[in-house]
Each structure stands twice: as structure tokens, then as C-alpha cells.
Amino acid sequence: MAGLYEIWRLAEVSRRLDVLSGFVAMCAAKDDAARRRLTRLVADADAALSASPPDVPAASAHLDELVRWADTEWADHPYRPSEARPEEADRQTRDYAKDLRRAALPVSVRNEMGRVELSLEVRFLALCRRSGMDCRIRQDVFYVAGRAAMALDLGHLEAAEYEVRRMEQVGSAEARESRRG
């Protein structure tokens, strides 16, 4: 299984390829030669990304060629997608990476992750519904729930289960404190 950095790089190239190839496909819809060129570039990039191990530099080279083509032909097009700001690009890439990572996991692990994800959601909502919860404790619950969600996104089941237990402990500590006071 590829490491997280490799998955991130694959996701980043895939995201940029999807966005730009969709735009070029729209612009080249009536030009047979342009459609063939686009089909070749996308097929070559997809083949590089699907290789075992994935050839990210080759896929990036095909993406770079697509970027140069779009910059040459449609730089002033009103619907030409611009590069996303770093935060938005990372958010989109994270969605791609999450899907790639999950697809690489065995079905039994994905099923177990679904169970943990449901457990996280139920416990998180139960803690959030508690009335009179201290603001600091509520922030801790949100923080730890976010860590559990991130562990699930990365496909790390043990870390997610640990964070769910930790979230319950934070909520339990709050309940004990309120009974004392």
C-alpha cells in the first residue's frame, strides 16, 4: 500500500487533472483533433496514476502539458478554472486522498471503519446535546472528535478508536465535574 505522501501526491494530480480536463473537454467539444489530444493526455495520465507503483512524475508531466495547452488556447476564457487557493486546494485534495486511501484498504477494514465512524457520530452528538457543558470541555470534545475523523480519513482504525475513547473520557470528566459542583 502506498504511503500517505504518495497518496497525497496522487490525489493532487488527479484533482487538478479532473478539473482542467473537464474544462478543456468543454472548450474542445467541436474540434475532433483537440478531443483526440485531450483523450490521449488524460488516458496517459490515468495509466501512469494506475500503474503499480503509480508513476506520479509521468502523470504530472501529462498534466503540465495539459496546463500549457489550456494556458495557450484558453487563458482568457471566462470559465477557465483558476488554481484554487492553498486552503481550498488542500481541502479538495484531501477528499481525493481520502477516497484513494479507503479504496486501498481491505473490505473488512473499511467495514470496521464504518462502524467506528457511526460510533463516533453517535457519541459526539450525545456529548454535544448535553446541557450545561463547560465551553472548554465542549471545545475539547470537538477537537478530539476532529482527530478521530482525521484518523478515519487516513484509514488508521486504531487511532480512530483511541480518539473515540478519548472523546468519551473528556465528556465523562465533564460529567464528573458537574456532579461535584
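Predicted model: local features only at pLDDT ≥ 70, side-chain atom pairs only at ≥ 80, totals over all residues.

Residues are numbered from 1 along each chain as its sequence is written, and side-chain values use heavy atoms, with hydrogens and water left out.

**Stop 1: the cores**

Select Leu20, Val24, Leu66 and Trp69. These have the most contacts inside the largest nonpolar core, which has 22 residues. A nonpolar core here is a set of buried Ala, Val, Leu, Ile, Met, Phe, Trp, Tyr and Cys residues joined through side-chain atoms within 4.5 Å. Now colour α1 (4–27), α2 and α3, the elements that give two or more residues to this core. Which of them gives the most? That's α3, with 8 residues. Helices are DSSP runs (H or I, at least four residues), numbered from the N terminus.

Stay on leucine 20 and show its contacts (heavy atoms within 4.5 Å). Leaving aside neighbours within four places in sequence, leucine 20 touches Leu66, Val67, Ala70, Arg80 and Pro81. Apart from this core lies another one of 19 residues; Leu127, Ile137, Val141 and Val144 are among them.

**Stop 2: arginine 80**

Next, pick arginine 80, in the loop between α3 (56–74) and α4 (86–104). Buried or exposed? Arginine 80 counts as buried because its relative accessible area is 19%; the cut-offs are under 20% for buried, over 50% for exposed and partly exposed in between (1.4 Å probe, protein chains only). Not counting residues up to four places away in sequence, arginine 80 touches Leu20, Phe23, Val67, Ala70, Asp71, Trp74 and Ala75.

One of those contacts deserves a distance label: arginine 80 and aspartate 71 form a salt bridge, with the closest N and O atoms 2.5 Å apart. The term means a side-chain nitrogen of Lys or Arg within 4 Å of a carboxyl oxygen of Asp or Glu. Aspartate 71, at 40% relative accessibility, is partly exposed.

**Stop 3**

How many salt bridges does the structure hold? There are 16. Show glutamate 65 and arginine 40, whose side chains meet at 3.5 Å, N to O. This pair links distant parts of the chain, with glutamate 65 in helix α3 and arginine 40 in helix α2 (residues 32–50), 25 residues apart. Both are partly exposed: glutamate 65 at 23%, arginine 40 at 39%.

Then jump to glutamate 163 and arginine 147, another salt bridge, at 3.1 Å, N to O. Here glutamate 163 in helix α7 (residues 157–180) is linked to arginine 147 in helix α6, 16 residues apart. Glutamate 163 is buried at 4% relative accessibility, whereas arginine 147 is partly exposed at 33%.

**Stop 3**

Methionine 150 sits in helix α6 (residues 135–153) and is partly exposed, at 44% relative accessibility.
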